[in-house]
Protein chains: 2
Amino acid sequence: MGASFSFLEDPADTREAIMKATYLALCEHGYAGLTIARIAEDFEKSKSLLYHHYESKDELLLDFVSFMIEGFERSVPAPETDAAADRLQRVFEHALGAMAADDSRDFLQALVELRAQAAHDARFREQFTDNDQLVHDRFVEIIESGIESGEFRAVDSDRVASLLLATLSGGINQQATSDIDQTEAIREELDRYMTEVLKAE
Amino acid sequence: MGASFSFLEDPADTREAIMKATYLALCEHGYAGLTIARIAEDFEKSKSLLYHHYESKDELLLDFVSFMIEGFERSVPAPETDAAADRLQRVFEHALGAMAADDSRDFLQALVELRAQAAHDARFREQFTDNDQLVHDRFVEIIESGIESGEFRAVDSDRVASLLLATLSGGINQQATSDIDQTEAIREELDRYMTEVLKAE
C-alpha cells in the first residue's frame with residue numbers, strides 16, 4: 001500500500017472522499033488519536049453525511065481496511081500475458097515501494113496500529129485475515145502460472161506464498177516500528193530467492 | 001519468545017517476579033486493558049514495591065520489553081562448536097515454536113500491541129530497534145561463521161539476516177492478528193531456503 005492512491009488525488013465518489021479524509025486523519029493523528037470529528041475536519045463534503053454513514057470510529061476504520069484491500073486488488077491487475085517473475089516483482093514493489101517512501105511512513109504506522117487492533121478485536125481480525133488470504137492467494141496463483149509455463153520450478157506454491165507474505169508483512173511492520181531501514185536488503189534478497197529457488201534452471 | 005520462560009516458573013529475584021506479573025497481566029488484559037493495578041493483582045510480593053519501581057504503565061512495559069530482549073540473548077547461547085545451520089534452526093524454532101504454541105497466543109497478541117506503540121512512541125521504537133538489531137546481528141554472526149567454516153556459500157550476510165528477521169517478525173505478527181496459521185509453511189520454506197540458498201553445494 002503505497003503513497004500514490006488515485007482516491008487521494010481525485011476521489012471518485014462520496015465513499016472515496018470519506019476514505020481520503022480517513023487516510024489523512026490517520027496519517028496525522030494515528031489510530032489512538034483518531035476520532036470521527038477529526039476525520040470530519042478533513043472531509044470536504046457535508047459532515048452530517050459522515051455521521052450518517054458510520055456509527056463509530058471503528059466501524060469507519062473497518063470499512064477503510066476493506067477499502068484498502070479492494071485497492072490492493074485493483075493495483076495488481078496481473079494481466080495473464082506477463083511473465084510470472086515480473087508479476088511477482090510488481091507485488092513486491094507494491095509493498096517495498098511503500099516501505100521506502102518517506103511520505104508513506106505516517107500511513108504505514110497507522111496501518112500497523114490498525115492491524116494491532118486485530119489482536120483483541122474479532123472484526124479487525126476478520127478483515128486482516130481476508131487481506132492476508134487475498135495476498136496469499138494472489139501469490140499462489142502467480143507461482144502456479146509460472147510453474148505451468150515452465151518459468152518456475154515445481155515448488156510448493158502455498159509454502160512460497162506464505163514465506164513471501166510473512167517477509168513483506170514483517171518488513172512493513174518493522175519499517176513502521178523501528179529505526180532500521182531494511183527495504184533495500186529485503187528487496188535484493190527476495191530477488192536472489194526468486195532467481196535461486198523459484199526460477200527454472 | 002516462546003511459552004516456556006524460566007522466570008514464569010521460578011522468578012529469581014524481585015525484577016523477575018515483577019516481569020512475571022506483567023507477563024500474566026498482559027496475557028489476560030492485552031496492552032489497552034493493562035494498568036499497574038492489574039499487574040499488582042498478579043504480583044506475589046508487596047504491591048507498594050511495584051509502585052516504587054515504576055512511575056507508569058509504559059515505564060514498566062518498556063522495562064518488560066528490555067527484559068524480553070535479554071531473555072532472547074540468554075535463550076540462544078550459540079556455542080561456537082555447533083554447526084551454523086543448527087544454530088540458525090534454533091533461532092527459527094524460538095520464533096516458530098512461539099507461533100505454534102496455543103498457550104502463547106495471548107502473549108504474542110500482547111507483544112504485537114506493544115510493538116504497535118512504537119509507531120507513535122519514540123521510547124518503544126528505541127526498544128524495538130534494539131531488539132531487531134540484536135536479532136539481526138545474531139543472524140549475521142551465525143551466517144558469517146558458516147561462511148568461514150565452508151558450511152555456507154559466500155552470501156551477503158546482512159541481506160540474508162534482513163530477510164530472515166522480516167519473515168519471522170511478519171510470521172509472528174500475522175499469527176497474532178489473523179486466523180490463518182502459516183507456521184508450518186514458513187518453517188518448511190525457510191528450511192528449503194537454507195538448503196538451496198545458504199548451504200554450500
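## Salt bridges between the chains

A salt bridge is a side-chain nitrogen of Lys or Arg within 4 Å of a carboxyl oxygen of Asp or Glu. By this criterion, chain A and chain B of this predicted model are joined by 5 salt bridges. One salt bridge pairs A:Glu188 with B:Arg159, whose closest N and O atoms are 4.0 Å apart.

## Basis and confidence of the model

Residues are numbered from 1 along each chain as its sequence is written, and chains are lettered from A in the order in which they are written. In this predicted model, local features need pLDDT of at least 70, side-chain atom pairs count only at pLDDT 80 or more, and totals for chains, interfaces and linings use all residues, while side-chain values use heavy atoms, with hydrogens and water left out.

The model has an ipTM of 0.90 and a pTM of 0.91. The mean pLDDT of chain A (the predictor's confidence in each residue, from 0 to 100) is 89, and 95% of the residues score at least 70. Confidence in chain A is highest in helix α9 (residues 157-177), at a mean of 96, and lowest in helix α1 (residues 6-9), at 83. Helices are DSSP runs of H or I with at least four residues, numbered from the N terminus.

## Symmetry

Chain A is superposed on chain B by a rotation of 180 degrees with 0.0 Å of shift along its axis, the RMSD being 0.0 Å. This is the relation of a two-fold axis. In chain A, the C-alpha of A:Gly170 is the nearest to the axis, at 1.6 Å. The superposition is by least squares on the C-alpha atoms of residues with pLDDT of at least 70 in both copies.

## The interface

Contact (heavy atoms within 4.5 Å) involves 45 residues of chain A and 45 residues of chain B. The copies meet through the same surface, because 100% of the interface residues of chain A are also interface residues in chain B.

The two chains bury about 3,900 Å² between them, 56% of it on carbon and sulfur atoms. Buried area is the accessible area (1.4 Å probe) that two parts lose on being put together, summed over both. A:Arg159, A:Thr177 and A:Glu189 supply 14% of the area that chain A buries against chain B, more than any other three residues.

## Elements at the interface

The elements giving two or more residues to the side of chain A that touches chain B are α7 (105-117), α8 (122-148), α9 and α10 (183-198). Helix α9 of chain A gives the most, with 15 residues.
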